[in-house]
Amino acid sequence: MSKTRYKNQKESNEAIAKAYIENDYTNSQNKLLLVSKANYGKRSSNVCYSAVDDKGMNFYEFNNNAEQNLMLIERYEWADFSSVTIDHSIAKSVFTFVGHGENRDITIEVKGKEVEQVIRNHSSMEVNVVKRPVWTKVLGYRSQTTWKMFMASTVYTLILLFILHPLLPAATHNFIMGLALLILFLSIIGLFVGLIKPKWVLPKFKIKTRKRVLFSYLYLIISCFFIAVAFTDGESTSTPASTQVSSSQNSVTVSSKKDGADSSKQKVEKNDSDKTAKEEKRQKAEEQAVKEEAKQKAQEQAAKEEAKRKAEEQAAKEEAKQKAEEQAAKEEAKQKAQEQAAKEEAERKAQEQAAKEEAEQKAEEQAAKEEAERKAQEQAAKEEAERKAEEQAAKQEAERKAQQQAASQQSTPSSSTSNSGNYKPFENDPSDDQQSNMSCSGQIKGNKNSKIYHVPGGAYYDRTQDNIVWFCSEADAQAAGYRESQR
């Protein structure tokens with residue numbers, strides 16, 4: 001868009017910027033939501049405008065002397081930031097965007113809360129709004145700088161004094177002036193005392209310094225001085241007004257009398273009808289003066305009522321604004337409470353899930369433990385059954401040998417010789433468990449009845465004393481059809 005077009009149409013800079021931005025978004029896939037004047041800080045000294053859409057924010061620099069009035073200088077995407085801190089004041093809002101890279105500080109004028117609502121509705125950023133008392137959002141108190149607050153307090157006091165002066169009845173002017181002079185005198189004393197001992201004159205302040213004493217009491221002195229002067233002037237200005245009206249009446253009366261006297265001297269020969277006409281003229285002049293006085297009083301009364309009406313409208317506006325801010329604060333507190341409740345609910349569910357998983361894990365461990373104990377018991381029962389079977393077999397073998405010994409007094413042990421690689425067993429004397437008549441150093445002891453062999457160190461190696469068959473190795477025993485003892 002050319003500069004010539006806007007000069008011919010005599011449009012404002014804001015209208016030019018809005019028209020350009022809307023045209024720029026014509027072919028864009030993003031939906032333009034609002035346009036606002038913005039402050040881009042040190043990045044640009046010219047006036048900037050922000051175009052807020054559903055996916056981010058464009059910044060345009062305005063230059064009225066350039067061929068193209070508006071130029072896009074940067075774009076921010078909502079997805080590039082994880083959180084934003086918003087500090088609202090009356091005339092502007094400061095947005096601090098926090099992302100993976102460098103933070104961004106952007107000031108949006110007037111439409112800060114609308115931009116906040118867009119961010120909440122169209123992004124997943126965490127929105128943090130700075131909590132400030134209402135009075136800290138007023139111009140002059142935002143920065144919390146002492147001299148700025150002093151200047152703002154003084155100006156606001158003078159404005160309030162200008163509004164209240166015509167509203168207060170004249171009967172209270174002397175009292176207010178006297179009270180102001182008293183406070184002025186006490187403030188001067190307090191100033192001198194506070195410069196020596198600040199804590200004596202600042203009982204309600206946390207920071208008790210001479211600087212605080214100076215600004216606080218200097219504000220009281222200046223305010224009381226202006227109040228005293230204002231109500232003194234109000235008293236003095238009301239008196240001259242009435243005096244002026246009375247003097248105008250007197251001047252009219254005197255002039256009418258002079259005219260009457262001159263006319264009587266010059267026209268002595270005129271009859272009584274002329275005197276009656278003069279008297280009527282004088283009365284008309286007096287009536288005119290009374291009308292002018294009444295008109296002046298009506299104008300003063302109308303001015304007072306107008307000032308009162310404006311003050312009431314201003315108070316109503318401030319009250320409505322305060323209620324709106326309180327409502328916004330309540331809604332924000334309600335929203336945070338809901339978010340906190342949702343967060344706590346999610347944490348509770350996560351804890352319940354973790355407890356459930358832990359209980360399932362413990363149940364599985366308990367089942368595994370019981371299964372292991374059951375298998376151990378079965379293994380022990382199996383070994384115990386094997387041991388009893390071996391003992392029973394040994395007992396039966398002993399009974400059989402006793403019967404054989406009773407039938408025959410002598411038995412010839414059969415011996416067999418084997419090479420180191422032969423697995424044929426050899427038998428000893430049943431009454432002797434020692435190795436004898438062996439061609440190898442046999443250490444494997446087998447039970448001929450149970451077909452179980454035992455190795456040195458086994459639980460039943462020494463217990464097996466009858467019906468013994470010796471082997472040179474476990475391989476020989478296994479080849480002969482014997483199996484190894486479980487214990």
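Predicted model: local features only at pLDDT ≥ 70, side-chain atom pairs only at ≥ 80, totals over all residues.

**Salt bridges and exposure**

Me: What makes R374 and E378 a salt bridge?
Reply: The side chains meet at 2.4 Å, N to O, and the cut-off for an Arg nitrogen and a Glu carboxyl oxygen is within 4 Å, so the pair qualifies as a salt bridge. Because R374 and E378 are four residues apart in helix 8, about one helical turn separates them. Elsewhere, salt bridges with shared partners join E384, R387, E391 and R463 into one network.

Me: How do you know that K131 and E332 form a salt bridge?
Reply: Their N to O distance is 3.2 Å, and a distance within 4 Å is what the rule asks for, so the pair is counted as a salt bridge. This pair links distant parts of the chain, 201 residues apart, with K131 in the loop between strand 8 and helix 4 and E332 in helix 8.

Me: Why is K131 called exposed, and why is E332 called buried?
Reply: K131 has 52% relative accessibility, and exposed means over 50%, so K131 is exposed. E332 has a relative accessible area of 15%, and buried means under 20%, so E332 is buried.

Me: How many salt bridges does this rule give?
Reply: The count comes to 18 salt bridges.

Key
Residues numbered from 1 in each chain as written. Heavy atoms only, no water. Helix = DSSP H or I, 4+ residues; strand = E, 2+ residues; numbered from the N terminus. Buried < 20%, exposed > 50% of the residue type's maximum accessible area, 1.4 Å probe, protein only.
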